[in-house]
Amino acid sequence: MIYRFTIISDEVDNFIREIQIDPEATFYDFHEAILKSTGYTNDQMTSFFLCDDDWEKEKEVTLEEMDDNPEMDSWVMKDTTLSELIEDEKQKLLYVFDYMTERCFFIELSEIITGKNMQGAKCTKKSGEAPKQIMDFEEMAASTGSLDLDENFYGDQDFDLEDFDADGFDMGGGAADAGTFEEEKL
C-alpha cells in the first residue's frame with residue numbers, strides 16, 4: 001500500500017508537492033520528504049496536526065517530545081507511523097514549518113494506492129517555488145499587508161467594556177482602602 005499526499009500553500013498559488021510514502025513510514029520520514037521537496041533546512045521546530053474536514057486542529061505530532069504528562073496522549077514524529085493515525089482518504093493535515101508566525105502547508109491524503117509497495121518516500125510532483133521557510137513578523141506584515149490585528153484578535157468579538165463593573169475592581173489594594181474608579185482624562 002502507498003499513501004499519496006498532496007501539499008499546498010496559502011502563500012504561493014502555484015506551489016504543489018505530491019509525496020508518495022509507505023504507510024508504515026514514520027511522520028519523521030514524511031517530515032524529511034517535505035523538507036527535501038521544498039529545500040528547507042532541518043533546524044526548525046515543526047509539527048503535524050491532524051485536522052477535521054474544516055481544517056480544525058485535532059491531534060498534534062511533534063518533532064520532539066513536548067509533554068511529560070503520562071496521562072496525556074502525545075505523539076512524536078520518530079515514534080509514530082503514518083498508518084497509526086491516518087487511515088482514510090481525504091484525511092487533512094497541517095504541517096507547521098514556521099512556529100513563530102504559524103505558517104504551514106495544507107496536506108490531504110489524496111489517494112491510498114493498494115496492491116503496490118514502496119520503501120521510504122518519493123516526491124512525485126513538484127510545481128512552483130516553496131514559500132520562504134522563516135519569516136519574521138515585519139516581513140509577514142509587509143507581505144500580507146497586515147498582521148490581521150482586527151477586533152477579533154484578542155478573542156471574543158462580543159466583548160463590551162460596559163460588561164465590566166468599575167466598582168468591582170480593587171484599585172487600592174484592600175477592602176478598607178478601596179477607592180472609586182475614575183477614568184483618567186488625558
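## Cysteines

A disulfide is a pair of cysteine sulfur atoms within 2.5 Å. By this rule the predicted model contains 0 disulfides. Cys51 takes part in none, and the nearest cysteine sulfur to its own, that of Cys104, lies 8.1 Å away. Cys104 is likewise in no disulfide, its nearest cysteine sulfur being that of Cys51.

## Overall architecture

The chain holds 3 helices and 8 strands. Read from the N terminus, the order of its elements is β-β-α-β-β-β-α-β-β-β-α. Of its 186 residues, 34% count as buried. The accessible surface amounts to about 12300 Å², and carbon and sulfur atoms account for 47% of it.

A separate case of sequence distance against spatial distance is the pair Asp79 and Tyr28, which are 51 residues apart in sequence, with their C-alpha atoms 8.2 Å apart. Asp79 belongs to the loop between β5 (75-76) and α2, and with 61% relative accessibility Asp79 is classed as exposed, because the threshold for that class is over 50%.

In soluble globular proteins, nonpolar side chains tend to be buried together. Here the largest nonpolar core has 30 residues, and the members that touch the most others are Phe5, Phe27, Phe30, Ile34, Phe48, Ile86 and Ile107. Two or more residues come from each of β1 (2-9), β2 (16-21), α1 (27-38), β3, α2, β6 and β7 (103-113). The greatest contribution is that of α1, with 6 residues.

Which residues does Ile86 touch, leaving aside those up to four places away in sequence? Its contacts are Tyr3, Phe5, Phe27, Leu50, Gln91, Leu93 and Leu109. There is also a second, separate core of 5 residues, among them Phe49, Cys51, Leu94 and Val96.

## A buried glutamine in a loop

Gln133 sits in the loop between β8 (121-127) and α3 (137-144). Its relative accessible area is 11%, so Gln133 is buried. The side chain of Gln133 comes to 2.9 Å from the backbone nitrogen of Thr41. Beyond residues up to four places away in sequence, Gln133 touches Tyr40, Thr41, Gln44, Phe97, Asp98 and Arg103.

Most residues other than glycine have a negative phi. Trp55, in contrast, has a positive phi near 65°. This residue is placed in the loop between β3 (47-51) and β4 (57-62), and its relative accessibility of 28% makes it partly exposed.

Lys90 also has a positive phi, of about 75°, although it is not a glycine. Its place is the loop between α2 (82-85) and β6 (92-98). At 46% relative accessibility, Lys90 is classed as partly exposed, because that class covers values between the 20% and 50% limits.

Notes:
Residues numbered from 1 in each chain as written. Predicted model: local features only at pLDDT ≥ 70, side-chain atom pairs only at ≥ 80, totals over all residues. Heavy atoms only, no water. Helix = DSSP H or I, 4+ residues; strand = E, 2+ residues; numbered from the N terminus. Buried < 20%, exposed > 50% of the residue type's maximum accessible area, 1.4 Å probe, protein only. Polar contact = N/O pair within 3.5 Å; in protein donor to acceptor, adjacent residues only side chain to side chain. Contact = heavy atoms within 4.5 Å. Core = buried A, V, L, I, M, F, W, Y, C linked by side-chain atoms within 4.5 Å. Areas by Shrake-Rupley, 256 points an atom, 1.4 Å probe, with all protein chains shown as cover.
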